[in-house]
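This briefing covers selected features of the structure shown below. It begins with one set of contacts and then turns to the nonpolar cores, a helix and a chain.

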Amino acid sequence: MLWLCLHLSQLPLEIFDDVIGHEYADDVDSSPRTTNSAETTGQTPLKPTVVISGHRIEFCNPAALACGITPDTPLGTAYGLCPDLHISRRDTAREQRALQHLAYGCYRFTSVVCVQSPDNLLLELQGSLKLFGGVRRLCALIATEVAAHRYSYTFGLAPTPAAAQLISRGTVDSVAAFDDRTGTVIDTALFNRVLHALPLSVLDCSATLQASLQRTGLRQLGDVLRLPAAALGKRCGQGLLHYLQQVTGQRPDPRKVLQLPPQFDDALEFMNGLTSTEMLLFPMRRLLLALCGYLRVRQLHCGGIEWRLQQQNGAAKTIVLSCANPRNDADYFLSLSRLKLASLILDGPVEKIALAAMELHPARYVERDLLAARSASTGNAGTGDDAIGELIDRLRARLGASAISGLALADSHIPEYAWQALHASTLSLQRPPSTQLSDTADGTANVTASTAPQRPAWLLSNPEEIQHRGQQLYWHGVLQLLQGPERIEGAWWSKPVYRDYFIARHAQGAVYWIYRELDTRRWFVHGIFG
Amino acid sequence: MNSTLAALLKRPDLWQASATLDITHGIATGYAPLNASLHHGGWPTGALTELLCRQPGSGELQLLAPTLAQLSAAGHSLVLIAPPYLPYAPAWQHWNISLERLLVVQTTTLRDQLWATEQGLRAASGGAVLTWLTTANLSVPQLRKLQLAAQAGAGLAILFRSRQTANQPSPATLRIAIESTADGCQLTILKQRGGWSGQSVCLQRPDILSQRAMPTQRLPAPQPVCATGSETDPVSPPQARPRALPLRPALQ
C-alpha cells in the first residue's frame, strides 16, 4: 500500500480567496512538492486577511503576516496594525465542501480517496502507479490538479495512512525513499529518518497527552517509537499505543472511502458580494471543476446545468444552460456560461452562486478512429455532429432557446399544419445516423415529374391579403394565375378551412402560392416559390 | 513606388493571378450549364458565395436545392440563418433535403446575425450555411470576417444579399446575380476568383411553375363582397370590364 496525504493547512483562509476577486488566469504550478503554491503563482497581492473563530485569530494570510499580525494576536491589536484588515469567520462546513470538491477531482487518479477532516485528503496510489507511470509522475499530476483548485498544500507519502498524514505535516519529503515503479519502500533508513525526525506536535492526540510527553523529555516521534510498547501503553493509555501501531503498520487502519451523493447541487457564498460578471467566472470555474470531478466519479455526463445567482437585495437570477450532447467538460460549460453572462445584467452584488446539474446521463464515450488522418480526410460524420451540437449550444446560449429550431413534417393536408418546428432541445436526439453519400453528384438536376402538388419553399406565417384592381389581382404588382385551383378544406372541428389554391406569377417573375377563401371570397398570398 | 507596390502585394486580400488557389474543386450545383461556367465546376467550399436577388422567390432556392439535397444526404448539416419567411417543410422534403439536417436560426439584430453566421461557418465542416442579409448594408471588414470564418469551416457559405450591392466591393469568392424571368431565372456571374466573370446562364423553372398563364375566361373573378378598395379604385373600376363567372361556386 502506498498512501499519499494532501495537507491543506491554509484551507480556512483560501476558501475565502474568491471574494478578493482573483485575476482569472490559468497558470498551473506543476512542481511535485510545493509549499504555499498559491502564493508562488504570481497572483496579484491579496488583501490582508485573517480567519477568526470566536474572537481569536486562527489563520493569517501572507499579507497579514507582513503587517505583523500572527495567530493569537488580539483582534484590537490586529486592527491597530492594519486598519483595512479583512476578517472572515471560520466556516468549517465550507472547508469540508472544498475538501469534498478536491476529492472529486482527485478521484481520477485512484478509486480510494478518503476525506479526513479537517484538512487532509488521503489517496491510495499503489493501484494507479502502472497506469500513470510511476510515483513521481503521479505526484506531479496530483499537484497539477490541486493547483487548478488554487489551494496551497504539502504532502506526505508513506506505506500507512497515519504515517502519510504525519509526514504531510512535517517539512521533509519522503518521496526519495520509494521505488518509482512499484511504490515500495526501498530506502528504509531514509524513510525511518524522515518519520522519526517529526516533532511530536504533529501527532493526532490530545493536548494534555502531548504536554505529558513533552515533560518526559520526548521531542521527536522517533523518541516515542523507540520506547517499549508495553510501558508506553501503561503510561499513556492504549489509545496512543494503537495509534502508533497504526503509524508503523503493525495494526490495521481502515478508512472510510469517499461516498457520492445521488445529485450534484452545490453553492459558494460570498460575504461581500460579487459585483461584476467577470468576478463570477472564478467561483463558477471552481464549482464546475467540482461538478466535472463528481461526474467523472459517477461515470455520468451532464445534459445541462443551472446557475442560481442569489443577490444581496433578495432577487435571484437563474441561468439555464443545456447541451445538445451530454458531456463532462468544465471549460465547455464555462465558455457557455460566459456567453450567457455577457447578456446578463446584475442589479446588485451576488452573495451566493449555486450550481445544479440538471440531466444526468450515463457517460457516452465516443470511439475515435485509430487512423484519425483517414477519417479527417473523408469528413467524419461523427465529429461533424459534435461540431453541430456545440454550435447549437453556443447559439442557444446567446440567442435563447426559442431562436433555434428544426423542421419536421406533420400529418395534415392543411398547409399551415403540414409542418412543425422542432424545439432546440429535441434537435440532437432525433438526428439519425448519417447515411452514405447518395449518388446524385453527377451534375444533373434530379427533377422528378412527381404527381405530388407543388408546394412553395417559403410560407408566410400570416397570409397577406391580395387587393383587387378590377379584374386583376394585385400584390406588390399584378399577379397572373398559372395553375389551379387545388381545393383544400377541412379542420371543421376547430378552425374551418375552405380554400382554393392557385399558383400565380408576379409581373417581375416571382411565383406565389395564393388562395381564395371560399366563404369570404377574399384572396391571400400564402407562400413563395423559392 | 516600388515599396508601395511591395506593400500592396503583401496585402492578404489582394488577389494575384500568379497565386495558386487553394480551392481545388467545388460542389456540383446540379445544373450542368452552370457547372460549366463556374471556375471550380460548382460552388466553392470554404469561401463566401454571394447570391444577389431582388426579392425572395427569384429562384434562388431552386438553384441551391440539388446541392443542399446532396449535402444533407451525405449527413452534413444545413443552417438557415434569419430566413425571410418560414421554410415550408413539405417543399424542402420534396427537394430530397432531409429535414433532420436543417437548423433554422432566427435573429433579431444584425450583430446577432453576423455572430451566428460566423459561428455557423466555423462549425460548418462540410455542411452549408445560408444567411439572408438582404436588408443589411455590410462593410468590407464584416464580410472579410465572414470570409475568414468560411475558410476555417470549409463548408458551403451562401450569403443572400440585395441586388443593389452588386456595385459594392466584396471579398466573396463568387458573386452571382439572379434575375427572375418569365419561365425561370437568369444568373449572371459578377465575380469569381480565379476565373472569368460575365457569363450568363438561364435556368428553367420546373414545368408546373413555368407554364403559361391560364386563359382569362377561366380566371375566377374576384368578388367585391369583402374586397376592400376594389370599388374605390380609380385606376381600373370594376365596371370597365365584363365580369367573368367564378370557376367554382363558393361554398355557402
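Leaving aside neighbours within four places in sequence, which residues is B:I158 in contact with? In this predicted model, the contacts of B:I158 beyond those neighbours are B:T49, B:L51, B:L64, B:A128 and B:L130.

**Nonpolar cores**

- The largest nonpolar core holds 93 residues, and those touching the most other members are A:Y512, A:I514, B:V105, B:A128, B:A157 and B:I158.
- Helix α3(B) supplies the largest share of this core, with 8 residues.
- In soluble globular proteins, nonpolar side chains tend to be buried together.

**Helix α3 of chain B**

- Helix α3 of chain B covers residues 60-73, and its 14 residues should span 20 Å because each residue accounts for 1.5 Å.
- The C-alpha atoms at the ends of this helix are 20 Å apart, in agreement with that expectation.
- After α3(B) comes B:G75, which has a positive phi, near 90°.

**Chain A**

- Chain A contains 19 helices and 21 strands.
- Buried residues make up 36% of the 530 residues of chain A.
- Of the contacts in chain A between residues at least 6 apart in sequence, 60% link residues at least 24 apart.

Note on methods
Residues numbered from 1 in each chain as written. Chains lettered and ligands numbered in written order. Predicted model: local features only at pLDDT ≥ 70, side-chain atom pairs only at ≥ 80, totals over all residues. Helix = DSSP H or I, 4+ residues; strand = E, 2+ residues; numbered from the N terminus. Expected span 1.5 Å × (residues − 1). Buried ≥ 20, exposed ≤ 12 C-beta atoms within 10 Å, placed from the backbone. Contact = placed C-beta atoms within 7 Å. Core = buried A, V, L, I, M, F, W, Y, C linked by C-beta atoms within 7 Å.
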